[in-house]
Structures are given as C-alpha cells and as structure tokens.
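Here's a quick tour of a two-chain model, written for someone who likes to know the cut-offs. Have a look at the structure, then read on.

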Amino acid sequence: MTALRDITLLVNGQEYAVRVEPRKTLADTIREDCRLTGTHLGCEHGVCGACTILVDGSPVRSCLLFAVQCEGVEIETVEGLASDGVLHPLQEAFWEHHGLQCGFCTPGFLMLAKGALEEDPGLTGESLKEVLSSNLCRCTGYQNILAAVEAAAVRMRR
Amino acid sequence: MSYVGRSVRRLEDPPLLTGEAHFVADLDFPDMASMRVVRSPVANGRLIGVETAEAAKAAGVIAVLTAADLDLPPIDVRMTNASGLDPYRQPVLAEGRVRYVGEPIAVVIAEDPYQAEDAADLVWAEIGDLEPHLDPLRPGEFENGIPARVATVEKKYGDIEDGFEVSGHVLEVELRVGRHTGVPMETRGAIGIWDEAEGVVHMYGAAKVPHYNRSAIATMLGLELDKVQLHENHVGGGFGVRGELYPEDVLVCEAARLLGRPIRWIEDRREHLIATNHSRDQVHRVKVGFDDTGFIHVIDDEFWQDQGAYVRTHGATVADLTGAMLPGPYLVPAYRSRGHIVLTNKTPAGTYRSPGRYEGTFVRERILDLVAAELGMDPVDSRRVNLIPRDRIPFDREYSALATGVTYDSGDYERLLDRVVERLGYADLRADLERRRANGELVGLGVACFVEKSGLGPFDEVRIEVDASGSVEVITGAASLGQGIETSIAQICADGLGVNIEMVRVTHGQTDRIDRGMGAFATRVTVMTGSATSMAAAEVREKALEQAAGLLEANPADLRIERGRIQVEGSPEGPFVTLGDVAAAAVEAGGELSATAEFNTTHMTYPYGVQAAVVEIDRATAGCRVTDYLVGYDIGRTVNPMLVEGQLVGGVAQGIGGALLETFRYDESGQPLATSFMDYLVPTASETPHVEVMVSEDFPSPLNPIGVKGAGEGGINGVGAAIAAAVGDALGQPGAVTELPITPESIQAILSRG
Ligand code: FES
Ligand code: FES
C-alpha cells in the first residue's frame, strides 16, 4: 500500500479528478473511479486487447498503463464513440454485419479499429487483418469483424 | 411479413456497442468487498494446515476463511450422474488434501481487490507433497482404497465378433485429442449479496443454468428455494464451461451471509486457465474391421478420458456423449465403446462446445481416412460407402445419450455430401492440389462428415405477457451467453403474435421472474425455448382475438393481427383495436393478456454436417495454415440465417484452436505450463481463414412445431478431423496425424519419418 495520489484524467473530453494508488492500472481507474465500465479486462497481461482505448489517438492496452502516467493526455473510450445517441459508423457496421456475439471483446475492437483507421483511412484486406489480429475474440471467428471494419472504413472515408 | 427466416439484426447489440452493457464485473453495490481465492501451488499433497493470521492483519482485510470456518457439502453432479461418483466430488475449499494446482484452499476478503490480492500472498499453506498422477493410462488412487478410475461408460450394439469375422481387413490405431477448453473472453465472476431483512441470498453473474444452480446453492447453504435468487447479466461467452456451479459461486454467497456485505469475486486470466473446467483430453485405442469395398463392419473402441482432479457438475457427460456419438452418420453394423473416466492431478474437466463429438469425430473420420488409404480409395468414396442411406432414417442407434434414446430424426446425409463435393469443385481441387504438391508445396484437403445433436429436453417453459401499451414480454428460464437468443426468440414471438419485433422484450436467466427453467446448454435454446415461445404466442393470439371479437363485434375467426392491430381480415379501412387495447380490457375485467406454455420432448433432434479444410504447410517452420474452410450443415429450419452463420463460423475458429494451437501441458511435477495467453494460444484473425457456410433446410425436424435443429455446435464438431486429414494429405501420409493439436513439432516429426 502506497500513498494515494490526486490526479486528473481527461476521458472523452471530460475531466475526472480521482485519487488513486500509484500502482492502480489505467483500466481499473477508468472502470472503477470514472465508472466507465465499457472498457473490459480479458487478461490483464497485454495480450487480448479487450481493454484497448485511445491515448492521444493511438490504440493502447489500458491494462498495461498506470493511471498516474496518464495525466495530460487525451483518453478515448467506447463510451465516447456515439454522439448524441447517434452511433459511430464503426458501431453501426458492427451491428449491421453481426460483428459481435457476446460483445465482450467489442469495445476493444471498436477502439482498435478507430485508432487504426484514423491513422490510415485506406487500411484494408491483409493489412487490416494484421492490425485486427492484435485483439482476441472467442465468439465470431473474426469474419464479421473484418467485414464490419471494411464497411465502416468506406463510410468513414466519405 | 414474417421475421423467422430473415437476418434480423440483433436486439441485444446496442448496449454492447456503446459500453452500456453490464457484465458482472461492471456491477457496483454499496459497501461491496472483494474476495481473492488462495489456491494450491502443488498438484498433489496432504494439506496439513493453513496459516491465516498474518493475512488477517494486512491492510483492508475483513476476513480470511478456510474449510474450518465453513460447513458446506461438496458440489454435486448436475448431469449424467453415473453411480459411484459421490466420493470424487470437489469440496468448496480443500480440507486435508489438495489435488491440483489451482485448487481453492482459502479466501481473503478485503475492502478492495488489490488489498485482497496482497493479503492472499500472506496466507501460508503447509502441504506435504505427494507423487502426482498425470497419466490417465496409469491411474493411481484418488484416496486410500478409492481408485482414480472412476467409472466406465459402455455403449454397444450388434455382434462384434461376427463383425470381425466378415471383415477382410482389420486395423488398429491409437488416437489422442489434447486438453483444451472454452476460454471465453470474459473470465468468470460472481457477486453474493445477503438481504438480511428478507433472509434472501442473491447471486449476480449467473449463467447457463441459473435455475439448477439456484436449487444447488439453496441445498448447500441450507436455505429454502425461494430464499435464493440468481441473476444473469451480460455474459461474455460460455461454450459449456461458464455457468456451471463452481466453488467460488458458493463462496461469495456464503461469505456474504457470514459478513453481511456484498462480496465480489472476479477471476483473473491465470486463475481461469487453472480453475475453470478444462475439457477433451482423451486417448482412444480403436480396432476396426472392414471389407474390400471399404464398408466398415465393426468398430471396437476403448478410450481413457483424463477428467482431472475431481468429478465436477458434468459427471460422466463427456464420456457418455463420446461413446454415443462416435459412429456418427455411418451404418457400422456392430459397435462397442468402453470409455474410462480417470482422475489425475490436473484441473478438473467438463464439457466444452460439442463435447464428445469433437473428439469422437476426430477418431471416426481418421478411421474413414485410414480405410480409404489402405484400399487406395478416395476419402469421399469411403464415406459414401458407409453413410446411412436416406431410406433408413429415422435411424435408431439402440442405445441412449444423456438419458434419451439416440434416434437420428431426419436427413439425407449423402445429399449433403454431394452438395459439398459440388461446391468444392472436388475433382478439380484435388487435381490442383496434386499439381502444387508435385511442385514441392505441402498442401492438402481433408473432409469430415458428422452428426450433431440439439434440443435436449425434457421441457422448457415460456410465459408471454402483453401490457396496455402493447409491449410484449417473453419470460424464459433459458439463458443467454451471447448467442443472440433474445433476437431469435423475439422473431418467433413476433410472428406467432403478429406484432413488430421492436415491441418484444425477452427476459431470461432471472429466477425471480419464472420458477422453472433448464438454461442454455446442449444447443437446446432455439429448439426448446423457441418451440415453447411459439406455443405461448399462439395461445396469447387466440385469447386476444376472442377479446377483440367482443370489442369489435365480429367473429374471432374473421380477425387477424398484424403489427399489433386487430381487425377484420380483408378490410384494412375498417375499425380496429390494438393488442394494447385488448390487454387493457383484460386488466379492466380483472385478468391479464398472457399465456404460459410448456414444450416437452423425450428425444433430441440431430442436425448433420460436412466440413472441408485446405491447409498449407511451411517446409521451413513446419507451421500449418488453414487457407480455406467450408461448412455444409442441414439445420431443418433457420430462424435467423445471420446468427446461424455466426455460430458456425465462430465454432470453426475455436475448432482450429483445438486442432493446431491450444493445449494445456503440465510438467512432471504437475505444474501447469499454460497459465497466460502467452502460452495458451487462442486463434487470432491471422490464424482464422475465411469460412464459407452452406446451410440447407432440407429436413425440418419432425420433433418440434417449428422444425428447427440447433446450430451452436455444428461449426466446431468436424474441425479437428478435417484439418488432421488435410495435413495428412499435404504430407502425403494420410494416416500420419494421430494426435491433436497438430503442432510444428509433430509435423516436423512426420516430415522426418517420411
Ligand atoms: S486486458 Fe489488457 S490486453 Fe487483455
Ligand atoms: S464477441 Fe464474444 S469475444 Fe468477441
């Protein structure tokens, strides 16, 4: 047990003042202290990608960061994707293409895809598959996730 | 316009897409404390004492509990309770003996999970090491005088000796399927809450079989049934392993009652890989007699199933299904199976998607490939010779599985094989692969045929209620593990009732909403719950028409319901009432617009399939890549094609894991070697090929009112078999693969033998 630290996190454009131990992961802090539970934990050792969020626009594993490292950066989670009740094209496409079954991996895939497509809007085919192979899904066999991201990419380019 | 048969997008998706869904770890209750389980670090030993004093003093700790603090019976067998299993049941916390690495010894309850984990490290268990037993073929003793060979499950028909006598050829082979399991992306979790005022214990995080678990927990805690309520939340995949009753489920309830605070336990991934049911892990020694035409006269199989340290809730289920389903779609006039359930010092094992069939199909289809190789036949032809002809179906196997007689209800197996052969462009594909092999590539094709089962009874009950706004609630004792049952059930209800699907809400997995329920396993929900839904909807519809007839002064037979509006058929401009109006009138008259229906069945329904895989092997690394995959499957009738396809494709991916990647290995001291996703390899998008799905609806099931058969397990069933055949073909040694998973090491070994 170490001394608590007061920090401010910027998540989905909103500031959260939280008091955490230095050892508390960013994922746990987002889930417990910011009460944004859409970011999921599937392994806590950096392999499954369920905890993927965007930090300054890039996909990162939030289970591998400490909250105290993340002051002054912009954090985006799945809760920030839809705006005013309108789904993001990626969310629409996952729905349309049955890109989820249990939905546990979905927030991680959505954030991974968002980060990847914002960096390279033309991402498609094998290179897209390679990017998406950094997250695990146990239900879908990935086929519909790939189809959904391809479809969303087309819409996002327009 | 009807909903059944259409790819309606899922009702359950919006909260899952926006992060608003609530999985058990997302729930927060005031004053909630965290539980951490202290687990055995050794595989086999005498538990001499558990020292908890230091942990109890650690920061934030509320309590440390060991077996001495609790008075709980072991966890009972839920299904397939062969006699004599009782001594092998797992205690909630170890007492006097530990039998696998990961076995719960104590629990620490603290203010937050970090503190609980810190303090758990301070609990010290004194254990006198014993020699671990790890080989099911050389079983030890479970306890003094109690053998580790628990039971033998037998299936038999026909005359074995006669069979060998008329066979010109006999082959014998040993085949193995490795230890792997479901590994859902969400680990397990449970929250126990004690409602002091009502004397009721609540458990959140239920799944799969909430009603059964409710009664089991009530019995174990000595409470009346109505003093235990289970609540299902969003569930991140089940695949057979999740939702069975485990020690931790009982512990959160008991700890909540003892301490008077909500107690939360969330499994971490390491725990999941050593504590949640493993599966498969069989060694088969099989002897087969066949003649010059390739016709198989007899299969005599003996197998050993390594079920780990204890007999858990599944009892003898896997061995039972292995023996019962092994002959698959083939005639095989004489057959005997003897399956030995053996305990070892590994994580206990239960069912995993297509239990007994993934293994049995591997064994059977290897046999069909060996027969073809021996006689110089094409592997598709060896199958044709043996398939049960259409005019012999319904076909009775003359024994039972899961206590129901095995009778294949409907189908034409050869016709499905023909279709797959046609879709593959089989002859051209073979020739093309031949050419590529001649050019030095290692590429091959494998085909597997199988029969699945679905719709396990004995009953399912559904209640449908309509309120004054016209919205419809379907309440079922089934469970959802992410398969999309809310949507399929709503489709069936909307059609039966004549309402828009948006008006239908499906409630499942809540023991306080419906008294009985069988849950979700054995691919039963669409068949059983779907049938009960269609019956209840018909009943509500009839009641509504009768009521409306009064209101509209018309004859009920002349009325129809469409989009929730009831009016005289053929006069769309005429007067109408809504379903909501009728419900309101019913309430006014002191009743309600609702119905409860029960669907019963004594037999399962048997869908069937053919799968084909093309693989490519890298000579340098001996790595195997599946490049193409085809699933042909007859499902009787499809409720939602998109969901069926999703089930089949997802199953194939899991099957590839078991065929090529996933395996729980142990070192000689019984330490598990796969305890993270670094060493337990689940397929990623890179290892998963595009899967082509060909669903047919040629043979609706005669056993239920909607004609459906299940899709949940048809994707995974044949994958090990098809890939094994494809690898053998690629290496030019059709019978070479005798073990799953097929690792680069085993391919290397075959190559160097070649
Ligand atoms: S939970 Fe972070 S990668 Fe798995
Ligand atoms: S949808 Fe269940 S893990 Fe991906």
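Chain A carries 13 positive and 21 negative side chains, and the centres of the two sets sit 5 Å apart. Lys and Arg count as positive, Asp and Glu as negative, with His and the chain ends not counted; each charge is placed at NZ of Lys, CZ of Arg, CG of Asp or CD of Glu.

Before going further: this is a predicted model, where local features need pLDDT of at least 70, side-chain atom pairs count only at pLDDT 80 or more, and totals for chains, interfaces and linings use all residues. Residues are numbered from 1 along each chain as its sequence is written, chains are lettered from A and ligands numbered from 1 in the order in which they are written, and side-chain values use heavy atoms, with hydrogens and water left out.

As for the fold, chain A has five helices and five strands (DSSP runs numbered from the N terminus: H or I of at least four residues for helices, E of at least two for strands). Along the sequence the pattern goes β-β-α-β-β-β-α-α-α-α. Buried residues make up 58% of the 158 in chain A, where buried means under 20% relative accessible area, exposed over 50%, and partly exposed in between (1.4 Å probe, protein chains only).

Now the interface. Contact (heavy atoms within 4.5 Å) links 46 residues of chain A with 57 residues of chain B. Together the two chains bury about 4300 Å², 56% of it on carbon and sulfur atoms; that is the accessible area (1.4 Å probe) two parts lose on being put together, summed over both. On the chain A side, Trp95(A), Arg138(A) and Gln143(A) lose the most area to chain B, together 22% of what that side buries.

Which residues does Gln143(A) contact, leaving aside its neighbours within four places in sequence? They are Val649(B), Pro689(B), His690(B) and Val691(B). Gln143(A) belongs to helix H5 (residues 143–157) of chain A and counts as buried at 12% relative accessibility.

| Cis bond | Omega |
|---|---|
| Ile393(B) to Pro394(B) | about 10° |
| Leu740(B) to Pro741(B) | near -5° |

Pro394(B) is in the loop between helix H10 (379–386) and strand E18 (395–401), while Pro741(B) is in the loop between strand E31 (739–740) and helix H18 (744–753).

Val332(B) is not a glycine, yet has a positive phi of about 40°; it is buried, with a relative accessible area of 1%.
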